[in-house]
Amino acid sequence: MGEALRDLLVTPAEMAAIDEDAVHSGIESFSLMRSAGMAVSAAALRLFPSASRFVVLCGPGNNGGDGYVAAAALAESGASLAVFALGDVGKLKGDAARARAAYAGEIQAIGTYEPQAGDVVIDALFGAGLARDLPDEVQEAIRRVEDSRRPVIAVDLPSGIDGRSGEIRGASFTAAHTVTFMAAKPGHLLLPGRTRCGTLEVFDIGIPDRVVRARAGDLRINTPAVWQQHASGLDPATHKYKRGHLAVFSGPQISTGAARLSAMAGLNAGAGLVTLVSPPDAIAANAAHLTAVMLKEMGKTGDLAAWLKDRRLGAFVLGPGFGVGKKARAFALMLCGRALVLDADAVTSFKERRTDLFNTIAMEGGQVVMTPHEGEFARLFPEIAADTALSKIEKAQAAAKLSHAVILYKGPDTVVAAPSGRTVVNANAPPWLATAGSGDVLTGIIGAHLAQGMPAFEAAAAAVWRHGEAGTRAGQGATAETLVANIPPFDYSATRPMGRVAL
Ligand SMILES: NC(=O)C1=CN([C@@H]2O[C@H](COP(=O)(O)OP(=O)(O)OC[C@H]3O[C@@H](n4cnc5c(N)ncnc54)[C@H](OP(=O)(O)O)[C@@H]3O)[C@@H](O)[C@H]2O)[C@@H](O)CC1
Ligand SMILES: [K+]
């Protein structure tokens with residue numbers, strides 16, 4: 001993808017391999033720990049210059065090692081300091097033992113730490129090496145700190161957060177700030193981990209880019225760098241047919257609003273033409289509400305077959321408010337060879353018949369995006385949803401592979417995964433984006449991108465990002481309508497900050 005290092009997401013296992021490669025390439029491993037610990041002490045002094053005391057909690061591994069380096073640096077700066085360790089410090093090994101030896105001050109047992117007013121806690125208990133639930137002793141220390149509401153700076157990850165999945169292993173700190181190294185980890189972005197990190201600082205400890213890239217997989221933070229090159233050809237002055245014709249299928253008379261929201265979003269997101277395809281009983285309801293969106297009556301699957309001969313129809317949205325059942329299945333299967341977004345009822349309709357859908361997508365080879373939220377995901381992929389060993393990222397990847405479609409697994413930490421394994425995690429969505437009809441707006445934006453010829457993965461990733469931006473622009477109290485009105489233009493000038501991660 002050719003993007004900046006800051007857009008990469010690296011799993012703890014990949015990070016360990018990167019660390020090892022860096023050492024094999026001739027970098028002294030202790031110099032990495034020194035840089036890490038120094039970055040933490042610098043953050044502590046910068047963020048909390050008036051702390052009465054810094055309290056460094058050190059674990060039994062290299063995360064603890066970073067803590068001892070930070071402690072030594074803070075002591076040298078003249079700050080008031082206390083260090084508490086988990087376990088027998090005499091058993092520390094390698095770089096952590098060396099870091100501990102370089103810290104001359106007193107070290108007390110973690111069980112004796114009682115937070116005091118003015119303390120700022122530096123959490124260097126566990127980072128990438130957290131392998132199981134936290135021991136009781138640590139969970140109790142976390143509770144004491146949480147109860148005292150003292151601010152916490154986390155080293156690499158708040159202890160208790162699984163860096164691969166974002167899960168909480170028994171308990172976790174809630175940090176005001178987290179300093180991680182070289183690249184963000186999935187646990188920083190996935191829930192609930194994301195809510196425990198505070199602001200995230202990715203600090204370069206001196207491992208060369210090429211070493212990091214050689215081990216990094218296909219996982220990225222969703223930024224314009226992922227899809228921008230596919231969007232740059234979209235010239236607003238182009239002929240309306242060239243900007244793509246999107247068709248959105250409406251539900252019956254009593255449930256037409258969702259499809260209209262998708263259609264309006266599609267138009268605002270840049271589709272040249274949008275047609276709302278309506279069953280006969282809903283024509284009047286739809287006609288009463290539409291202006292720029294065109295309307296077409298369609299009842300049966302035979303009518304759809306005839307209409308599909310028009311190859312100017314660039315993309316299709318099926319699902320919002322459409323109704324669950326046979327008609328949704330028939331329409332979806334007829335559209336699998338085209339650019340298609342299957343959402344809501346269209347996804348649920350295949351609960352008992354998913355093999356038909358997956359086989360047809362594989363056979364027809366269309367650009368298909370499915371946009372399940374958690375409940376819809378569990379309906380279509382029950383065995384993947386129930387596998388507690390998998391992270392949200394791994395679940396989306398498994399579902400994409402199984403279905404041959406791009407899976408946009410919705411939530412505050414939306415994941416987009418392609419069957420090839422390419423995956424992004426989104427990070428720009430404000431919390432108030434979870435409003436009624438918000439998903440229909442997202443679906444319409446994806447449809448617009450597909451209609452403009454973007455490949456399915458990029459279309460979905462770009463849509464999630466623009467949807468998040470629309471939420472930010474619409475502000476707190478956003479409704480689906482104000483989201484539609486606030487979809488940002490597809491115009492990323494040099495002045496626009498790129499790669500922003502809003503946590
Ligand atoms: N990558 C890099 O480039 C750099 C990384 N750096 C730093 O290294 C950190 C990773 O270090 P790490 O691998 O030693 O892991 P860490 O988190 O300290 O824990 C491992 C120890 O904890 C133990 N343990 C695990 N779970 C436990 C539990 N629930 N309850 C009790 N014990 C448990 C485990 O024991 P074991 O599982 O073997 O029994 C082992 O002793 C990383 O986060 C970053 O801060 C920097 O120095 C700069 C360069
Ligand atoms: K930590």
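1. G411 lies in the loop that joins β15 (406-409) to β16 (415-417); strands (E, at least two residues) and helices (H or I, at least four) are DSSP runs, numbered from the N terminus. The model is predicted, so local features need pLDDT of at least 70 and side-chain atom pairs count only at pLDDT 80 or more, while totals for chains, interfaces and linings use all residues. Residues are numbered from 1 along each chain as its sequence is written, with chains lettered from A and ligands numbered from 1 in the order in which they are written.

2. G411 also belongs to a UniProt "binding site" feature (unreviewed entry), which the record places at K410, G411, P412, D413, T414 and G439. These positions are given in the numbering used here, with feature names shortened, and the annotation may be inferred rather than shown by experiment. The residues span 30 positions in sequence, yet no two of their C-alpha atoms are more than 13.8 Å apart, so they gather at one spot.

3. Helix α2 (residues 29-47) packs against helix α3 (residues 62-76) at an angle of about 55°, their axes being 7 Å apart. Axes are lines fitted to C-alpha atoms, for helices over the stretch in contact, and angles run from 0 to 180 degrees between N-to-C directions. The two helices α2 and α3 are therefore oblique to each other (under 35 degrees is roughly parallel, over 145 roughly antiparallel, 65 to 115 roughly perpendicular, and the rest oblique).

4. On the α2 side, the contact with α3 includes M33, R34, G37 and V40, and on the α3 side N62, G65, D66 and V69; contact requires C-beta atoms, placed from the backbone, within 7 Å. By class, this contact of α2 with α3 has nine nonpolar, four polar and two charged residues. Ala, Val, Leu, Ile, Met, Phe, Trp, Tyr, Cys and Pro count as nonpolar, Asp, Glu, Lys and Arg as charged, and the others, Gly among them, as polar.

5. The axes of α3 and helix α4 (residues 94-101) come within 8 Å and cross at roughly 25°. Helices α3 and α4 are therefore roughly parallel to each other. Here N62, G64, G65, Y68 and V69 of α3 meet D95, A96, A99 and R100 of α4, giving four nonpolar, three polar and two charged residues.

6. Which residues come nearest to ligand 1? Of the 28 around ligand 1, they are G61, N62, N63, G127 and G129. The largest share of the shell, five residues, comes from α3.

How values were computed: Two residues are in contact if their C-beta atoms, placed from the backbone, lie within 7 Å. A residue is near a molecule or strand if its C-beta atom, placed from the backbone, lies within 6 Å of it.
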